[in-house]
Amino acid sequence: MLLNPFAGVYLTDPARTWRHILDDPGEVHYAEDLGLWLISRHADVRRALADATTFTNALTLAPVYQVCPEAMSVLMRLDAPPTTAAADPPVHHRTRRALRATFANTAERVETEYGAIVRRRVDQLVSRLAARRGERVDLIPELATELPLLVVLDILGVPDADIARIRSWADGQIALVWGQPDPAEQVRLAQGLLDFWHYCEELVDQRVDGGQPGDDFIGRALTYRDDDDAVLSVPEVASLAFNLLVAGHETTAGLLAHALDQALSNPRHWSALTADRGAVGAFVAETLRFAPAIDGWLRVTSRDVTVGTVTIPAGARCLLLIGAANRDPAVFAHPDQFTPGRADVGNHLSFGHGPHFCIGAGLARLEAEITITRLTEAIPGLRLATAQQRSYKPNVAFRAHDTLLAVIDSVAPAEASATSGAAATDAAAA
Ligand code: HEM
């Protein structure tokens with residue numbers, strides 16, 4: 001089976017490929033060009049996510065292609081200990097416990113601990129957009145990628161002044177691990193990743209040296225470890241920060257972009273959200289199912305394992321196609337229809353499942369819900385610009401819009417829905 005995540009139809013309309021794979025009678029496929037086993041059915045993806053002993057995480061954050069020797073020699077110097085998505089048991093049990101204690105991961109804790117941060121940052125960005133009445137704006141850099149990064153910096157206690165380099169390092173990590181860079185680019189990105197790691201180490205070392213941990217995430221993690229490396233070492237605190245800075249912003253940026261795209265592509269959706277803000281939660285949930293920000297994720301088998309009728313050998317890299325699993329007709333009624341409020345939406349696997357379930361799921365939902373709510377209040381006439389060309393960054397895991405052009409319109413939503421037929425590119429029916 002051929003799967004090219006870097007060009008062609010998968011870049012513009014991955015759902016067509018997911019449908020093709022799901023319709024094929026074989027349960028599991030081998031993508032020769034990628035050297036990856038493709039697991040697409042909901043029950044199989046869920047099982048792989050849940051079984052950390054058979055489907056291991058150690059190589060989850062390692063490049064999906066043969067890295068050139070020069071880049072590899074740079075990466076060999078990266079000595080970040082595995083703590084989250086790249087950690088397996090028994091280390092993961094310990095680091096996950098630390099993460100649960102120091103990072104808010106239930107709806108109540110997220111609201112209490114991060115609600116004010118999220119509202120302040122959303123207000124800041126939405127007010128800036130609202131002031132640009134009549135202008136054409138790109139919602140990706142001006143909102144979708146900016147907000148989650150600002151929020152995660154506040155939570156971790158990282159200075160705003162470092163935003164530009166952190167963004168560039170995080171983008172670089174995604175291109176290096178899940179993209180297809182040429183050898184010269186691999187070396188440049190690998191060097192950036194090493195610099196990023198050293199930056200996180202320094203960030204934590206400065207706190208340790210200053211003797212005042214503080215009340216942000218880094219401070220809490222240092223207090224939690226209580227000078228006991230068996231609980232959590234100082235490099236592990238730095239590694240948690242290193243992972244959160246990427247996991248906490250690139251993913252939520254994708255969710256915001258997809259939610260805005262779905263909401264604005266169909267004026268009926270936007271009008272409904274403007275009229276009933278209680279509908280925002282269900283809208284965000286359906287966006288997560290229909291257009292997941294991470295639509296493929298990696299595991300490596302620790303033993304021969306049979307999935308359906310296919311035996312995957314030990315040591316094989318598997319791509320769990322979360323996007324396909326979320327459209328499996330065995331679980332979701334009319335899976336290719338975008339239906340906010342559908343009863344089966346809670347079965348989506350967009351935040352993973354089992355021991356590595358996303359620690360930031362509650363935060364991501366809160367950010368998306370507050371953003372949509374504030375936009376409908378402050379800019380009810382927001383609409384997509386005409387002649388929208390959608391394109392996504394070429395990689396096997398993160399589905400991120402390059403641009404989403406919109407007009408800050410003062411026309412009320414009811415009028416807009418009547419007049420914006422030309423602007424409406426109804427992706428919801430895709
Ligand atoms: C829409 C937004 C998000 C999506 C789609 C998403 C997706 C995921 C997925 C699929 C996993 C499972 C990885 C695995 O099984 O190996 C995961 C894990 C993780 N996520 Fe998220 N995530 C999002 C937002 C966030 C945010 C906001 C944070 C933190 C600020 C975060 C931090 C993490 C961490 C640390 C893990 C690893 C947990 C572990 O291995 O125990 N994520 N996420």
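Residues are numbered from 1 along each chain as its sequence is written, and side-chain values use heavy atoms, with hydrogens and water left out. Because the model is predicted, local features need pLDDT of at least 70 and side-chain atom pairs count only at pLDDT 80 or more, whereas totals for chains, interfaces and linings use all residues.

Helices (H or I, at least four residues) and strands (E, at least two) are DSSP runs, numbered from the N terminus. Two strands are said to pair if DSSP finds at least two bridges between them. An open sheet of 5 strands has the order 1-2-8-5-3, and its pairing is mixed. Its edge strands, each of which pairs on one side only, are strand 1 (28–31) and strand 3 (55–56).

Strand 8 (residues 317–320) is joined to strand 2 (residues 36–39) by 3 bridges, and these two strands run parallel. In this pairing, Leu38 stands opposite Leu319, and Ile39 has Leu320 as its bridge partner. Strand 8 is also joined to strand 5 (residues 297–301), here by 4 bridges and in an antiparallel direction. Leu298 stands opposite Leu319 in this second pairing. In a regular strand the side chains alternate between the two faces of the sheet. In strand 8, Arg317 and Leu319 point one way and Cys318 and Leu320 the other way. All four residues are buried, where buried means under 20% relative accessible area, exposed over 50%, and partly exposed in between (1.4 Å probe, protein chains only).

In soluble globular proteins, nonpolar side chains tend to be buried together. A nonpolar core is defined here as a set of buried Ala, Val, Leu, Ile, Met, Phe, Trp, Tyr and Cys residues joined through side-chain atoms within 4.5 Å. The largest such core has 134 residues, and those with the most contacts inside it are Trp178 and Phe217. Helix 10 (residues 183–210) gives the most to this core, with 10 residues. With contact taken as heavy atoms within 4.5 Å, and with neighbours within four places in sequence left aside, the residues in contact with Trp178 include Phe6, Leu61, Val64, Trp297, Leu298 and Phe398.

Cys200 is located in helix 10. Cys200 counts as buried because its relative accessibility is 0%. Leaving aside neighbours within four places in sequence, Cys200 is in contact with Ala238, Ala241, Phe242 and Leu245. From C-alpha to C-alpha, Cys200 and Glu111 are 27 Å apart in space, and they are 89 residues apart in sequence.

The ligand is surrounded by 27 residues, the closest being His92, Arg96, Arg299, His356 and Cys358; a residue is near a molecule or strand if one of its heavy atoms lies within 4 Å of it. Oxygen atoms of the ligand lie 2.7 Å from an N or O atom in the side chain of Arg96, 2.9 Å from a polar side-chain atom of Trp297, and 2.6 Å from a polar side-chain atom of His356.

His92 belongs to helix 5 (residues 91–102). With a relative accessible area of 5%, His92 is buried. The side chains of His92 and His356 are joined by a polar contact of 3.2 Å. A polar contact is a pair of N or O atoms within 3.5 Å; within protein, one must be able to donate a hydrogen and the other to accept it, and residues adjacent in sequence count only if both atoms are side-chain atoms. Not counting residues up to four places away in sequence, His92 touches Thr83, Thr84, Ala87, Pro355 and His356.

Side chains of opposite charge can pair when their charged atoms come close. A search of the whole structure finds 28 salt bridges, a salt bridge being a side-chain nitrogen of Lys or Arg within 4 Å of a carboxyl oxygen of Asp or Glu. One of them links Asp162 and Arg165 (3.4 Å, N to O). Asp162 is buried, at 11% relative accessibility, whereas Arg165 is partly exposed, at 42%. Another salt bridge joins Arg225 and Asp229 (2.7 Å, N to O), and Arg225 is buried, with a relative accessible area of 8%. In a further salt bridge, the closest N and O atoms of Asp336 and Arg327 are 2.9 Å apart. Asp336 counts as partly exposed at 28%, while Arg327 is buried at 5%. Both residues belong to a network of salt bridges that links Arg19, Asp23, Arg327 and Asp336.
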